[in-house]
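Hello,

Here is the structure you asked about. Please open it and keep it beside you while you read my notes.

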Amino acid sequence: MEIIASLLVLTLAGLTVVAVVMTSASARLVEDAALDRLRLGARQLEGSPGAGIHSLNDAAALARTRSVAALGGHFRVLDDRGFTVGYGPKTPLDSPDLARLIELARVEREVAQAGGVLASDVVLVSRLQPPHGEPGFLIGRVTRDELLSELLPLVQAGAWVLLMAALVFVGFGSYLLRRRIAVPLRDLAAATARVATGDLDVRTEETGPAELAELAHSFNRMAAGLGGQRDALVRAHDSLSRTQRLATVGQLAAGVAHEVGNPVAAILGYTEVTLRDAELSDRSREMSERIHQEALRIRTLVRELLDLGRPKAAELVRIRPHRALEEVARRLTAQKLLDEIDLSVSVDRQLPEIEVDRSRFEQILTNLVENAAHALCGHEEPCIELRAAIAKKSMPERRRADRAGASYMHRRQPDAIAIEVIDNGPGIPAEDLPQVFDPFFTTKDPGEGTGLGLWNAHRMAELLGGSLEVTSRSGETCFRLIVPQADSASEDECSQGTDC
């Protein structure tokens, strides 16, 4: 609205200037036309053939009998002394300006005066020299009121033309300003406000004049850059959070190992001695066995915590995905936990080798399968499927050194393999998905889980140079382990320019 108001003010200012110029030009034309009419009337009175003008009295009589329209103005005759010639007493000059014009006419024969922009009457003074009698002067005049009456229609017509032009200019100009400037600026302001609230995915259309389009392009690049920085900060924060949790677990493990390890060892020793007593009652033996089992669980937990706090170095080996998955499935099928669960393997045997730490890789898969088996307890027709496939290629289609338009994707090897563990259980609630890999988070009943299994699997996946993801909905939960593919190109091939 401010832009449109400014345009209206500028338009009015321009119209005012144009109106002044047009009025001045029209007034000048009216005055020139009046002066031309006076000259024609003077020529008629000065002695046209058949007019019968022999003296100043004849000229005065003719001026009185002719109409103003015929002569183009009001005419009168003065004698050489400046007195009016005609019927009645002679009257002297009524204006000092007229006396000055008469003196000029004595020399130049004809003198005209116009006030300019209709400031005064238009006057024409011509020297008369009739055949008989003394010379005199012919005075022609068009009054200011008559000039204004002639100018008024011209001014009205010009005003209508200017008004229509102004309406068209303001209307069309407002439309263009709104479409080309106001709307892009409004969209850019709205996008800026959304960025200020934290929405860095907003983009604005790069429309309008070149400057506004460039501004919108710069805004989109800024928003994209801020989004990338935010994502990097989120990843860094998550990594720092995991590191802090790991440090906390390490400190906890050290404290637990010191404070709990020795008492647990003593409890295990005492229960073993108690169980060797042949005179122990059945009830006491049952309770001792339970104590022994719970103490073993405590010792296992302490060792697991110690392992998490002091991870050993990875020992990478090259293995075929189908062999690794079949070995894990064969070992797990023998467990009682999977007696009523259909565990299947669906792997392409032609998949390239992966390079992982075998023990950690198998531990991750074992953890995922056991976790899925616990989720399937009491479920009808439970099944778990192990899959392996080539992960989405993350390598660029071309490198900077490649010639323009070149692509070597058909010669490049996939850089990762995806291992999936899929079950047909009830799924993980959407509100729990972001916390699945947090330490000590579990949805199991108390006493059935520590909440460290998935966190440990996620941590080991990162130690292998890969990642662990999860997607879940009712009837299907998929844990996706991404592991790097083994490098199949030799150093000789790379040195010879092979795209590896």
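**A loop residue: Thr204**

Thr204 sits in the loop that joins helix H5 (144-196) and helix H6 (210-259). Bear in mind that this is a predicted model.

Is Thr204 buried or exposed? Its relative accessibility is 11%. Buried means under 20%, so Thr204 counts as buried. Which residues does Thr204 touch, leaving out those up to four places away in sequence? They are Asp187, Leu188, Ala191, Ala216, Phe219 and Asn220.

**Helix H4**

Next, go to helix H4, residues 96-108. H4 has 13 residues. From its first C-alpha to its last it reaches 18 Å. That is close to the 18 Å expected at 1.5 Å a residue.

Which residues of H4 are buried? Look for Leu98, Leu101, Ile102 and Ala105. They cover an arc of only 105° around the axis, so they lie on the same side of H4. On the other side, Pro96 and Val107 are exposed.

What covers the buried residues of H4? The cover includes four strands: E1 (74-79), E3 (110-113), E4 (122-128) and E5 (136-142).

Then look just past the end of H4. Arg109 takes a positive phi of about 75° there.

The side chains of Glu103 and Arg106 meet at 3.4 Å, N to O. Both residues lie in H4, three residues apart, which is about one turn of the helix. Glu103 is partly exposed, at 47% relative accessibility. Arg106 is partly exposed too, at 33%.

Now find strand E11, residues 467-473. One face of E11 is covered: Leu468, Val470 and Ser472. The other is uncovered: Ser467, Glu469, Thr471 and Arg473.

How does E11 pair with strand E12 (residues 476-484)? The two strands run in the antiparallel sense, over seven bridges. Ser467 has Ile482 as its bridge partner in E12. Together E11 and E12 form a hairpin, with two residues between them. Gly475 is in the turn and has a positive phi of about 95°.

A salt bridge links Arg473 and Glu476. Their closest N and O atoms are 3.7 Å apart. Arg473 is on the uncovered face of E11. Its relative accessible area is 54%, so Arg473 is exposed. Glu476 is partly exposed, at 31% relative accessibility.

**Salt bridges elsewhere**

Side chains of opposite charge can pair when their charged atoms come close. How many salt bridges are there? The count comes to 21.

One of them joins Asp32 and Arg28. The closest N and O atoms of this pair are 3.6 Å apart. Where do the two residues sit? Both are in helix H1 (residues 2-47). They are four residues apart, so about one helical turn separates them. Asp32 is partly exposed, with a relative accessible area of 33%. Arg28 is exposed, with a relative accessible area of 54%.

There is also a network of salt bridges to trace. It links Asp36, Arg39, Arg43 and Glu110.

**Where to start**

Begin with H4. Colour the buried residues Leu98, Leu101, Ile102 and Ala105. Then colour Pro96 and Val107, the exposed residues on the other side. After that, move to the hairpin of E11 and E12.

Best wishes

How values were computed
Residues numbered from 1 in each chain as written. Predicted model: local features only at pLDDT ≥ 70, side-chain atom pairs only at ≥ 80, totals over all residues. Heavy atoms only, no water. Buried < 20%, exposed > 50% of the residue type's maximum accessible area, 1.4 Å probe, protein only. Contact = heavy atoms within 4.5 Å. Pairing = 2+ DSSP bridges. Expected span 1.5 Å × (residues − 1). Arc of directions from axis to C-beta. Salt bridge = Lys/Arg side-chain N within 4 Å of Asp/Glu carboxyl O.
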